[in-house]
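Hi everyone, thanks for coming.

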Amino acid sequence: MTGAEGVTRTAVVYYSGTGNVHKLAAAAAEAAEKAGAETRLRRVPEYVNESLAPEFTEWTQAWEENAGAIGQVPAATVEDLGWADAILLGGPGRFGLVAAPLKHFIEQAWPLNARGALAGKVMSSFTSTGAPHGGQESTILSLNNVFYHWGGVIVPPGITDEILTAPSNGNPYGVSSVSGRQAIPGRLAEQVTEDNLAAIAYQARRVVEIATALRLGRSLAPRG
Ligand SMILES: Cc1cc2nc3c(=O)[nH]c(=O)nc-3n(C[C@H](O)[C@H](O)[C@H](O)COP(=O)(O)O)c2cc1C
C-alpha cells in the first residue's frame with residue numbers, strides 16, 4: 001500500500017514537445033504541493049534524438065528550446081507511478097491521440113499493471129492542442145482509457161468550479177490549453193492562459209483532495 005500513513009503522494013507525469021504541457025504540469029505540481037501532497041513532477045523524455053520534422057525549422061527550434069528548458073525536471077520512471085496515490089498524466093494531442101513518447105512510457109508500466117500495482121489510485125489527465133477542436137477530447141479520453149485498464153479511480157474536473165467555464169477552459173474531461181497553429185521559438189507556451197493555469201491548479205487540488213479521502217478511508221476500512 002502506498003502512502004497509507006503520512007501525506008498523499010502525487011505524481012505529475014507529462015510529455016511536452018514545445019512547452020505547453022510542461023507549463024500546465026508545473027502548475028499542477030505546484031498546486032498539489034500547496035494542497036499538502038508530497039509531489040513528484042516528472043518529465044517523459046523523447047525516445048528519439050532528432051526532431052520529428054527537421055524541415056519545420058521554427059517547430060524544431062522551439063522543440064530544442066523546450067528540451068533545454070525542461071532538462072532539469074527529473075525524467076519519469078514507472079516507479080513514480082507505483083509510488084503515487086494520485087497520478088496526473090498530461091501530453092499534447094497528436095492527431096487526436098497520445099504522443100508517442102508518452103505512449104511508450106505508458107507501455108513500460110505493463111509489469112506494474114500486470115501485478116495490480118496501479119489499481120485503485122486516483123488518476124486524472126490533461127492536454128494541450130493546437131486548435132480548440134483539434135482533438136482535446138479524444139486525447140484526454142485516450143489517456144483515460146489507459147486508466148480504465150489500470151483500474152484507476154478517474155477524477156475529471158467536470159464543471160465543478162467556475163474557473164472551468166472561463167473562455168479558454170470548458171473541457172470537462174481534463175484541463176486543456178490551445179497553443180495555436182505554430183510553436184514559435186522564444187515564445188514558448190505563451191498561449192497558455194492564466195485561466196488555464198488556474199484550472200489545472202484546481203484539477204490538481206481536486207485530485208489530491210479525493211485521493212486523500214480515499215487513502216484515509218481505506219486506512220479505516222476493515223480488510224477482507
Ligand atoms: C505530430 C503532431 C501532431 C499534432 N496533431 C494535432 C492535432 O491532431 N490537433 C491539434 O489541435 N494539434 C495538434 N498538434 C499540435 C499540438 O497538439 C500542440 O502544438 C500542443 O500545444 C503541443 O503541446 P506541447 O507544447 O506541450 O508539446 C500536433 C503537433 C504535432 C507535432
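**A walk through the chain**

Let's start at one residue, Ala32. Leaving out residues up to four places away in sequence, Ala32 touches Thr10, Val12, Ala37, Thr39, Ala204 and Val208. Before I go on, please keep in mind that this is a predicted model.

So where does Ala32 belong? Ala32 is a member of the largest nonpolar core, which has 57 residues. Along with Val12, Leu24, Ala28, Ile87, Ile200 and Ala204, Ala32 touches the most other members of that core. Several elements give two or more residues to the core: S1, H1, helix H2 (57-70), S3, helix H4 (100-108), S5, helix H6 (136-150) and helix H7 (194-220). Which of them gives the most? That is H7, with nine residues.

Now let's step back to the whole chain. There are seven helices and seven strands. If you follow the chain from the N terminus, the order of elements is β-α-β-α-α-β-β-α-α-β-α-β-β-α. Along the principal axes, the C-alpha atoms fill a box of roughly 60 × 40 × 30 Å. A compact globule of 224 residues would have a radius of gyration near 17 Å, and the chain agrees because its value is 17 Å. Of the 224 residues, 46% are buried. Here is another number for your notebook: among contacts between residues at least 6 apart in sequence, 81% join residues at least 24 apart.

How many of its nine residues are buried? Nine of the nine are, and S3 is mostly covered. S3 pairs with strand S1 (residues 9-14) in the parallel sense, over five bridges. In that pairing, Val13 has Leu89 in S3 as its bridge partner. S3 also pairs with S5, again in the parallel sense, over seven bridges. There, Ile87 has Met123 in S5 as its bridge partner.

Strand S4 (residues 97-98) is joined to S3 by two bridges, and these two strands run antiparallel. Arg94 stands opposite Leu97 in S4. S3 and S4 form a hairpin, with two residues between them.

That turn brings us to backbone angles. Most residues other than glycine have a negative phi. Phe95, in the loop between S3 and S4, has a positive phi near 55°. Is Phe95 buried or exposed? Phe95 counts as exposed, because it has 10 C-beta neighbours inside 10 Å.

Ala189 also has a positive phi, about 60°, although it is not a glycine. You'll find Ala189 in the loop between strand S7 (176-178) and H7. Ala189 is buried, because 22 other C-beta atoms lie within 10 Å.

Let's visit two residues of helix H2. Ala62 is in H2, and Ala62 counts as buried because it has 23 C-beta neighbours inside 10 Å. Which residues does Ala62 contact, leaving aside its neighbours within four places in sequence? They are Thr18, Ala183, Ile184, Pro185 and Leu188. Look at Leu188: 126 residues separate Ala62 and Leu188 along the chain, and their C-alpha atoms are separated by 6.9 Å.

With 20 C-beta neighbours inside 10 Å, Ile70 counts as buried, because the cut-off is 20 or more. Not counting residues up to four places away in sequence, Ile70 touches Ser16, His22 and Arg43. Ile70 and Val178 are 108 residues apart along the chain, and their C-alpha atoms are separated by 20 Å.

Last stop: the ligand. How many residues surround the ligand? There are 21, and the closest are Val21, Pro92, Gly130, Gly134 and Ser179. By class, this shell has six nonpolar, 14 polar and one charged residues. Helix H1 (20-34), strand S3 (86-94) and strand S5 (122-129) each supply at least two residues of the shell.

S3 pairs with S1, with S5 and with S4.

Key
Residues are numbered from 1 along each chain as its sequence is written. This is a predicted model: local features need pLDDT of at least 70, side-chain atom pairs count only at pLDDT 80 or more; totals for chains, interfaces and linings use all residues. A residue is near a molecule or strand if its C-beta atom, placed from the backbone, lies within 6 Å of it. Helices (H or I, at least four residues) and strands (E, at least two) are DSSP runs, numbered from the N terminus. Ala, Val, Leu, Ile, Met, Phe, Trp, Tyr, Cys and Pro count as nonpolar, Asp, Glu, Lys and Arg as charged, and the others, Gly among them, as polar. A residue is buried if 20 or more other C-beta atoms lie within 10 Å of its own, exposed if 12 or fewer, and partly exposed in between; C-beta atoms are placed from the backbone. Two strands pair if DSSP finds at least two bridges between them. The radius of gyration is taken over C-alpha atoms; the globule rule is 2.2 Å times the number of residues to the power 0.38. Two residues are in contact if their C-beta atoms, placed from the backbone, lie within 7 Å. A nonpolar core is a set of buried Ala, Val, Leu, Ile, Met, Phe, Trp, Tyr and Cys residues joined through C-beta atoms within 7 Å.
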